[in-house]
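This report goes with the sequence and model shown here. Please keep both open while reading.

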Amino acid sequence: MSEAYKRSHVFGMDYGTSFFKYGPISLGEAPEIVENRGYFPDKDAIMTRVMGESKEVVVGRDIPLYLEAREDLPSRLVYPFRNGIIEKNENRAWQVVEEISRMALREFGPKEEGFNGFYVVASLSAVAPRYMYEKLFDVYNKIDSEEHTIAAATIIPQPLAVAISHKVPTSVVVESGHGNTQITPISRYPVRTAIIALNRGGGDANSITAEILKDSGYGDLAKEETVVRQVKEQIGIVPRNLEDAIKFGKNNPEKLAIVISIPGTRLKISLEDNGWLRFLIGEYVFNPNHEVFQSYFTRGMPKPGDVKVGDTFFLGMIDMSEAIVQSIEKCPVELQPYLYRQIILSGGNFEWKVPQGLENVCVNSVDKIKTMLMEKGLSEVGVTMASSPKYSVWRGCIVYGYAVPESFKWSWDRMEGWMSFR
Amino acid sequence: MSLSERTLSRIEKFFSKQGFEPSGVPEEPDELILYNGREKVLVKIVFEEDADKTIVYDACASVLEKASEFSMVYVAVPRNLGDRVDTVIFMKRGIGLIVYDDWSIEEKISAKMLKKTPIVKNQEIVGSEVVERSIRRLESSIREISERIDSLEKAYLSLLREVREIKSILGKRIMIVEKPVEPSVTKPEETVETGGLPSFLRDNPWVEILSRRSEENP
């Protein structure tokens with residue numbers, strides 16, 4: 001097929017931890033978004049039998065129509081990429097991946113004469129092991145053999161996609177999602193040997209928020225993940241310096257007192273005298289080593305440990321600036337100054353706001369990382385927040401598919417190129 | 001399509017499910033005028049997610065100014081903003097509030113009927129019968145068209161399969177008599193055209209870098 005055909009039929013698929021973003025190049029600036037999850041209805045349920053519904057797994061916007069009020073709901077609702085990695089034998093997770101990919105391709109094709117399949121560019125976590133690439137290609141092969149919708153496919157790491165969409169060929173991408181954080185130096189190619197992964201993400205900020213809720217007398221709400229997440233988003237703040245911030249908070253409790261409500265409910269949560277606890281939520285994401293966190297660990301809050309998932313070690317307690325420095329120092333010395341100048345923060349776990357009146361003690365993620373790196377003696381650093389973080393990986397996928405020539409075939413050594421199934 | 005255009009079209013779809021269709025050209029680019037044969041509705045959309053609440057109240061003032069020309073008026077705002085605004089003003093003034101996000105659109109407060117088109121009762125009954133007849137006609141046409149599309153789709157797929165098979169047979173025959181065609185290699189000085197493309201593709205140095213991948217890895 002011609003380069004012109006390929007360029008007009010590039011299709012991006014970003015398998016994020018919470019959301020799946022997909023769509024062809026013709027969508028323009030923004031992709032379609034659905035929650036990256038699948039629901040396995042109870043096939044024995046009376047309603048399922050009466051309705052004659054035979055779907056094994058339901059994905060996309062239809063899920064709420066199938067949800068049953070059952071106690072085993074959490075086990076039927078599968079989020080395959082919760083930690084960025086799917087185990088080889090997690091069959092239900094792979095089933096969701098297949099179904100959601102199939103849904104995406106069906107939504108946009110084929111509608112024109114001469115349609116011969118999309119050039120699919122998928123994006124996985126930087127720490128995804130090789131078997132995930134193999135499994136995903138198997139999924140695409142199966143879909144193409146049944147529906148002829150994939151002319152060729154390729155898979156790229158999410159941080160590379162972020163760097164591409166930001167038009168920066170040399171950079172360090174720090175991607176922090178729900179389950180973990182990946183630090184990936186990029187110099188035209190991802191420097192795979194320098195990738196560092198942290199076993200810490202938005203989920204851990206939720207854990208400390210749940211503990212704060214318990215301490216403030218809302219122990220019953222602390223069990224509901226969605227409520228905890230909403231509370232975290234509304235009250236969490238990042239201190240410039242934790243000790244100064246705690247001192248400020250204890251001396252000025254009225255400035256940090258907050259009452260929030262949960263949308264769509266009558267619930268109101270009030271943090272009056274202990275508003276200073278809000279600083280702990282933001283600090284924990286960047287550095288969980290302060291002694292103030294010890295009391296939470298002692299009382300049973302899970303401490304982020306070092307774990308091995310697939311072939312990758314995820315470090316638990318290392319502070320974020322130290323991880324960035326370690327990652328950059330694994331690259332050639334000549335390259336290091338250029339990497340420090342372009343640090344791109346991406347992902348929902350970096351979206352922290354600075355409330356009015358607290359500018360002296362609170363910072364956003366960019367300033368936090370800058371401050372932490374300066375404390376390590378690095379003054380010439382450039383840190384930026386990814387613009388449109390929700391879309392940047394999908395956009396990178398589209399640029400990649402548009403530019404990489406069709407003649408560049410997939411290489412398992414380089415983990416790049418187009419894989420064709422026909 | 002820009003984000004604001006997509007939001008406009010999603011809100012238009014939301015109303016079309018209730019029988020409304022776009023009608024006339026609005027005065028402002030952030031407005032929609034919709035009509036269902038009886039009621040004329042004005043919707044003003046606030047696009048900025050991090051907008052101040054005052055922008056919402058400005059939007060309310062703007063729709064109230066034009067309310068005399070419409071049966072109902074609405075203001076549509078991003079969900080995070082909609083959750084923060086004071087809804088009393090909407091209820092008191094009869095303005096409808098629509099909240100939207102990337103996944104859903106919801107009518108948080110229904111608009112009050114401000115003005116009804118004065119129609120003599122008999123004419124209304126006759127009119128509604130005509131409308132019902134037209135709807136029935138349209139429904140049957142839609143059914144017919146969708147059946148035709150189904151059968152065309154099936155025919156198209158089977159033809160596509162046949163064409164693929166023929167191509168693969170021909171391809172094998174040609175390979176026997178012809179020399180293999182040299183794969184076209186992009187010349188180093190050749191640049192990839194990115195004009196008229198989305199902003200993230202334009203002037204992106206990666207396009208040039210990635211287009212040389214096959215040369216770097218023969």
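Predicted model: local features only at pLDDT ≥ 70, side-chain atom pairs only at ≥ 80, totals over all residues.

Residues are numbered from 1 along each chain as its sequence is written, and chains are lettered from A and ligands numbered from 1 in the order in which they are written.

**Sheet of chain A**

Helices (H or I, at least four residues) and strands (E, at least two) are DSSP runs numbered from the N terminus. Two strands pair if DSSP finds at least two bridges between them. In chain A, five strands with mixed pairing form an open sheet in the order S3-S2-S1-S7-S8. Its edges are strand S3 (32-35) and strand S8 (150-157) of chain A, each of which pairs on one side only. On average, neighbouring strands are turned by 20° against each other, direction ignored. Strand S7 (residues 118-124) of chain A runs parallel to S8(A), and seven bridges join the two. One pair of bridge partners is A:Phe118 and A:Ile150, the latter in S8(A).

Axes are lines fitted to C-alpha atoms, for helices over the stretch in contact, and angles run from 0 to 180 degrees between N-to-C directions. Two residues are in contact if their C-beta atoms, placed from the backbone, lie within 7 Å.

| Helix of chain A | Strands touched | Angle with the direction of S8(A) |
|---|---|---|
| H6 (residues 130-147) | S7 and S8 of chain A | about 160° |
| H7 (residues 158-165) | S7 and S8 of chain A | about 95° |

**Other helices of chain A**

Helix H8 (residues 202-215) and helix H9 (residues 225-235) of chain A pack with their axes 9 Å apart, at an angle of about 95°. H8(A) is therefore roughly perpendicular to H9(A), a term for angles of 65 to 115 degrees. Residues of H8(A) that meet H9(A) include A:Ala205 and A:Leu213, and their counterparts in H9(A) include A:Val228 and A:Arg229.

A residue is buried if 20 or more other C-beta atoms, placed from the backbone, lie within 10 Å of its own, and exposed if 12 or fewer do. In helix H10 (residues 242-251) of chain A, the buried residues are A:Leu242, A:Ala245, A:Phe248 and A:Gly249. Seen down the axis of H10(A), they fall within an arc of 125°, so they line one face of the helix; the arc is that of the directions from the helix axis to the C-beta atoms. A:Glu243 and A:Asn251 are exposed on the other side of H10(A).

**A:Gln182**

A:Gln182 lies in strand S10 (residues 181-187) of chain A. This residue counts as buried because it has 28 C-beta neighbours inside 10 Å. Beyond its neighbours within four places in sequence, A:Gln182 is in contact with residues including A:Ser125, A:Pro159 and A:Ile195.

**Chain B and its contact with chain A**

Chain B has seven helices and six strands. Of its 218 residues, 17% count as buried. In the contact between the chains, 24 residues of chain B touch 22 residues of chain A. Helix H1 (3-16), helix H6 (205-211) and helix H7 (213-216) of chain B each supply at least two residues of that side of chain B. H6(B) gives the most, with six residues.

How values were computed
Parallel < 35°, antiparallel > 145°, perpendicular 65-115°, else oblique.
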